[in-house]
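Subject: Handover of a structure, with notes

Dear colleague,

Please find below the structure that I promised to pass on to you. My notes on what was found in it follow directly after it.

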Amino acid sequence: MTKEERLKKRHSAEKRFRFYGLASIFVALLFVLILVHNIFSKGSSAFMKTAINVEVFFDQELLEIKNDASDDEILEADFFDITIESLIKVYPAKNVEEEDAIIELFTTDAEIEIKRAFLENNNLIGKKINLEITASDDIDQLHKGNYPRDIPEDRRRISDFQLVIYDNLVENQKIVKNFNNYFFKNGDSRDPELAGIGGALIGSFYSIIICLLLAFPVAVLASIYLEEFAPKNKITDFIEININNLAAVPSIVYGLLALQILLATIQLPRSTPLVAGITLALMTLPRIIIPCRASLKAVPPSIREGALAVGASKFQSVFHHVVPLALPGTLSGTIIGLAQALGETAPLILIGMVAFVVDIPSTPIDPSSSLPVQVYLWSESAERGFVEKTSATIMMLLSFLIVMNFLAVYLRQKFEKRWN
Amino acid sequence: MRMNFVLIFLITIFSLSLFFYGRSKTKSISIEKNIKLNALPKFYGYYLVLWCSIPSLVFLLIWTLFEPVIIKSIIIETAANQGAIFNDKNEANLIYEKIKAIYAGTYFGDIDTILKESALSYAKFINLFTNSKIVLIFAIVIASVIYSLKKIKNNNKARDDVEVILKGLLFASSLIAILTTLGIIFSLLFESIKFFSVINIFDYLFGTNWSPQRAFVRDASAITAEEYDELKDAFGFIPLIAGTSFIAFIAMLVAVPIGLFSGIYMAEYASVKIRRISKPIIEILAGIPTVVYGFFAALTVGPFFRQIGENLGLTVSSESALAAGLIMGIMIIPYVSSLSDDVINSVPQSLRDGSYAVGATKSETIKKVVIPAALPGIIGSVLLAVSRAIGETMIVVMAAGLAANLTINPLESTTTITTQIVMILVGDQEFDSPKTQSAFALGLTLFIATLVLNYIAQRAVKKYREKYD
């Protein structure tokens, strides 16, 4: 091998090496794109729901309520007959089976939707109005193009007869797409078209607020102590070792801790945002302390010495000068810690947040779910409609995380002083 | 529960009003008696606030922690005295839960006289405890306020005193880390010891069969030799550690090359502009919640692999170790890349310059000089990534299997330690069943494993840093 050949070989090795580096960065970036694209393409349709335009005639004989009935009386009244009567008029049915097939096109909550419309408008008795009734999950998925039509009838959830009605409805422009208010308003449900993340949103909100209220003050005070006041001795070393180890403990271990101490020993109520918040606070505490200490450490000693020189006490120098200067870094560290806590699932599963909760929690001691746990729960469900609901929940979760991370970066860049 | 919030609210209001009282009171004293105060008036206010709030809140916390435990033991004892029959803790717990449900009005089964009596005495004790709590808290508040008011009137050095109290508060906050560690160790040990008193620790560590569902309804305290023979085969740890390591290994096969190469590229080749864009984007991978990866692995990657396998004529489980490992590897990339980026950056420039001076190309310098120099740090970062991988829960719960297979075929499904913990503890758990306790034994094993890995990794990184600092 001549000198030139060797050099050429070495240079091509150099190029190859460089290419590997670039390629691996590219692979990582590509994966981010694939993941985001996959979630968004699956989930974006969940923000719309399919509804069918139905003409409802509020027949007084069927309703059996008086003209001047109060709201309570209307709530008590039976709207079932009128619902069925209105729904089956969508398409001429020959027998009871066909009528059932038509009713199956609509959500099980059709009666409630009609009742709600009746309550909102005054005095509809004896009148006809057009209402947009939410379609069932199968029709919803069919209309959104997520459901294949060309498979044999016995493997489809929608019968041929129902397909004929659907095509007929589409032709007559009776099928509309509306904003899916149920997705944000409702709690969990067995029916995908009614299931929503309202309960999970509130549960996550309560958990994060409790986590913030507990973890932030303790983390700030602990880092002030360790950075500014702690004597160099064995206790301090021990505390530091503990904090570093806790930051690396798998999150599921915190779930076991919560199960044993918070639920079994102290007997706090299961599946509640209160327990979730405490668990998440214990978990995020070391993860907040580490950036808090870093930002306290970044404040130069001249600040402390200047304050001491004009007669401030140690406490005054710390609380009047060092802490305010370290605050942006502290806050951004806290927000990033909270963002991690918001996406944490495993410990919440162990404390029972996987329970099926339909009601929206009104206080932090009501059973509830949380956004990531809702993702886990729905991903286990077989119905096709839950796939898009899960993806949409992930979209909501990711957008919260993005907002929090941007806020953290903004706080740091805007307010943090650079010392050099 | 509600009472506690009311009490905290009252204490807060009272403390705040004391602040203003203390401040104006000391001002007026100094004017009246024409003396110079030993601190600014507001410090007297702070002093009162701290004295009023801290002792009472600490008391309230301790009381709340211990109240349920004490009431429970009292109630179970009274129920036993009244003739309730229970053979073990299990049944005692059940009866206690029934009594609580009757008290809350949510129990719809048959209520016999013993239960009724017990529920009445439960109500009595709850009342008694709540009332005595309120009385004691008021007593503590009044006593500490009187004490601190006296101090103020004597014109104490309030600022110094406030600072001493605050320093104690700071120290107490930093102790929470130790308390958390202790809590973890005790809660894991407590149940694990019970587990190992039933199952021999060697049967657990070296058994090759994991099927905890066998221990379903069984009285742990009275196990016959026959039953034990059956039980000891149900809790073999080997398949779990094998599955966990296997998935972690696949993850590392993905994460280490990609992470290391991107770390090297960013540290050695990338321009400032590329670095500024690509580094945060790669770190997005670490910020995505793991449940999202799990969803992606279970619904997209798993079926995708199965489809490819079918086309190639292979049987691929839809919960294959490959899918879970691959996605976990992608999640871990940023841990490897950013740590090795840091480590490579801290290799002194003089080493590189020496290598360039003898004519080495950049890649030769990296391969022969920089990486060997940074090796302990890189190994440390890989070990940290491994400990992430074995502690990772959601990806494997959603994408890996549930049955414990001893296999090295990446296309089959395996299970992991974390998956089993979740599977055992989701839903209703029986108290004192070896099955429930085994989850804590698994947790303890996991805790120790990650601790050891982290210790070695931190030592490696630290040693490496010392070498070049």
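Chain B is divided into domain 1 (2–156) and domain 2 (238–468), with bounds that come from an automatic or database domain assignment, and the C-alpha centres of these two domains of chain B lie 48 Å apart. Please bear in mind that this is a predicted model, in which local features need pLDDT of at least 70 and side-chain atom pairs count only at pLDDT 80 or more, while totals for chains, interfaces and linings use all residues. Residues are numbered from 1 along each chain as its sequence is written, and chains are lettered from A and ligands numbered from 1 in the order in which they are written.

Confidence

The model scores ipTM 0.91 and pTM 0.89. In terms of pLDDT, the predictor's confidence in each residue on a scale from 0 to 100, chain B averages 85, with 94% of the residues scoring at least 70. Within chain B, confidence is lowest in helix α7 (residues 225–232), at a mean of 70, and highest in helix α12 (residues 349–357), at 93.

Chain B

Chain B has 16 helices and 0 strands, where helices (H or I, at least four residues) and strands (E, at least two) are DSSP runs numbered from the N terminus. The radius of gyration of chain B, taken over C-alpha atoms, is 31 Å, which is well over the 23 Å that the globule rule gives for 469 residues, so chain B is more spread out than a compact globule; the rule itself is 2.2 Å times the number of residues to the power 0.38. Along its principal axes, the C-alpha trace of chain B spans about 85 × 70 × 35 Å.

Of the 469 residues of chain B, 41% count as buried, a term that applies if 20 or more other C-beta atoms lie within 10 Å of a residue's own, whereas 12 or fewer make it exposed and anything in between partly exposed, with C-beta atoms placed from the backbone. One buried residue is D341(B), which lies in helix α11 (residues 321–345) of chain B and counts as buried because it has 25 C-beta neighbours inside 10 Å. Leaving aside residues up to four places away in sequence, D341(B) touches G263(B), M266(B) and A267(B), contact being counted if the C-beta atoms of two residues, placed from the backbone, lie within 7 Å. D341(B) and S320(B) are 21 residues apart in sequence, and their C-alpha atoms are 32 Å apart in space. Among contacts in chain B between residues at least 6 apart in sequence, 77% join residues at least 24 apart.

Chain A

The secondary structure of chain A comes to 18 helices and 3 strands. Its radius of gyration is 30 Å, whereas a compact globule of 420 residues would have one near 22 Å, and the C-alpha trace of chain A spans about 90 × 80 × 40 Å along its principal axes. Of these 420 residues, 45% count as buried.

Strand β1 (residues 48–57) of chain A is joined by 5 bridges to strand β3 (residues 175–179) of chain A, the two running antiparallel, and by 7 bridges to strand β2 (residues 128–134) of chain A, again antiparallel; strands pair if DSSP finds at least two bridges between them. I52(A) has a bridge partner in each of these neighbours, namely I175(A) in β3(A) and I133(A) in β2(A).

Chain A is divided into domain 1 (45–179) and domain 2 (198–415), and 46 Å separate their centres, taken over C-alpha atoms. The contact between these domains of chain A takes 8 residues from domain 1 and 7 residues from domain 2.

Where the chains meet

How many residues of each chain are in contact with the other? The contact involves 68 residues of chain A and 68 residues of chain B. Helix α1 (residues 3–43) of chain A gives the most to the side of chain A that touches chain B, with 18 residues. That side of chain A divides into 49 nonpolar, 16 polar and 3 charged residues, where Ala, Val, Leu, Ile, Met, Phe, Trp, Tyr, Cys and Pro count as nonpolar, Asp, Glu, Lys and Arg as charged, and the others, Gly among them, as polar.

With best regards
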